[in-house]
Amino acid sequence: MSGSTQEEPARTEALGALADSGRLLSTAMVLFHTNLSRRVGLGPTEEKVLELVQRHGHPSVSELAEQTGLAKNSISDVLDRLESKGFVTREPHPRDGRKVAIVATEEGIARIGRLFIGMMTRLGQLNAEYRTEELALIAEYQRRAAEIQAAEARNLADGAT
């Protein structure tokens with residue numbers, strides 16, 4: 001019983017440090033992506049929708065709307081802007097000819113990719129300081145935290161409280 005009581009202050013401190021580091025990371029990411037977007041002539045929403053297009057291969061408008069929590073007409077507007085700026089094209093969906101697939105252009109990917117080189121190099125150096133098991137634990141935590149945040153973002157978009 002006494003071990004549990006002694007652990008409480010340390011856990012409280014660790015949870016506080018985790019919350020603080022999460023806020024720091026979130027702010028740093030938002031600022032990085034805001035500046036990256038500006039450098040290539042995109043808005044932050046456009047850049048993140050483009051990232052989803054890249055990650056998911058050939059998503060449809062409906063799939064992007066579901067992933068972002070944005071209405072289909074809002075996603076269509078974002079995609080119109082991305083297409084006019086040369087970052088995506090619309091093609092027949094590879095699995096369902098009735099749908100249109102959104103595909104990131106190689107030139108668009110390259111324009112953004114160049115801006116990640118410095119950060120990815122530095123993150124690689126940081127990752128080298130951790131054991132594989134530690135990296136796996138960090139990755140699991142980040143994935144689960146991202147799932148929670150994405151669900152809450154959808155709740156906000158749907159008007160849920």
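Visitor: Where is H56 placed?

Guide: H56 sits in helix 2. This is a predicted model, so read every value as computed from it.

Visitor: How far is H56 from V103?

Guide: Compare the chain with space. The two residues are 47 apart along the chain. Their C-alpha atoms are separated by 9.3 Å.

Visitor: Which residues of helix 2 are buried?

Guide: Start with the general idea. An α-helix has 3.6 residues a turn, so residues three or four places apart point the same way. In helix 2, the buried residues are E46, E47, V49, L50, L52 and V53.

Visitor: What follows helix 2?

Guide: G57 does, with a positive phi near 80°.

Visitor: Now a loop residue. Where is H93, and is H93 buried or exposed?

Guide: H93 lies in the loop between strand 1 (88–92) and strand 2 (100–104). Its relative accessible area is 6%, so H93 is buried.

Visitor: Which residues are in contact with H93?

Guide: Set aside neighbours within four places in sequence. H93 is then in contact with H58, S60, E63, K99, V100 and A101.

Visitor: Next, empty space. How is a pocket found?

Guide: Rolling a probe the size of a water molecule over the atoms shows where empty space is left. Here, the largest pocket has a volume of about 2,600 Å³.

Visitor: Which elements give two or more residues to its lining?

Guide: Helix 1 (2–39), helix 2 (44–56), helix 3 (61–68), helix 6 (117–127) and helix 7 (132–158) do. Helix 7 gives the most, with 16 residues.

Visitor: How many residues line the largest pocket, and which lie nearest its centre?

Guide: The lining has 48 residues. L25, M29, Q142, A146 and Q149 lie nearest the centre.

Visitor: What is the lining of the largest pocket by class?

Guide: Count the residues by class: 26 are nonpolar, 12 polar and 10 charged.

Visitor: Step back to the whole chain. In what order do its elements run?

Guide: The protein chain has seven helices and two strands. From the N terminus on, the order is α-α-α-α-β-β-α-α-α.

Visitor: How spread out is the protein chain?

Guide: Compare the radius of gyration with the globule rule. The chain's value is 20 Å, well over the 15 Å that the rule gives for 161 residues, so the chain is more spread out than a compact globule. Along the principal axes, the C-alpha atoms fill a box of roughly 65 × 40 × 30 Å.

Visitor: How much of the protein chain counts as buried?

Guide: Of its 161 residues, 19% do.

Notes. Residues are numbered from 1 along each chain as its sequence is written. This is a predicted model: local features need pLDDT of at least 70, side-chain atom pairs count only at pLDDT 80 or more; totals for chains, interfaces and linings use all residues. Side-chain values use heavy atoms; hydrogens and water are left out. On a 1 Å grid over the protein atoms alone, a cavity is a set of points where a 1.4 Å probe fits but cannot get out, and a pocket is an open set with protein on both sides within 12 Å along at least five of seven lines; lining residues have an atom within 4 Å of a point. Grid points are joined across faces, edges and corners, and a volume is the space filled by probe spheres set on the points. Helices (H or I, at least four residues) and strands (E, at least two) are DSSP runs, numbered from the N terminus. Ala, Val, Leu, Ile, Met, Phe, Trp, Tyr, Cys and Pro count as nonpolar, Asp, Glu, Lys and Arg as charged, and the others, Gly among them, as polar. Buried means under 20% relative accessible area, exposed over 50%, partly exposed in between (1.4 Å probe, protein chains only). The radius of gyration is taken over C-alpha atoms; the globule rule is 2.2 Å times the number of residues to the power 0.38. Contact means heavy atoms within 4.5 Å.
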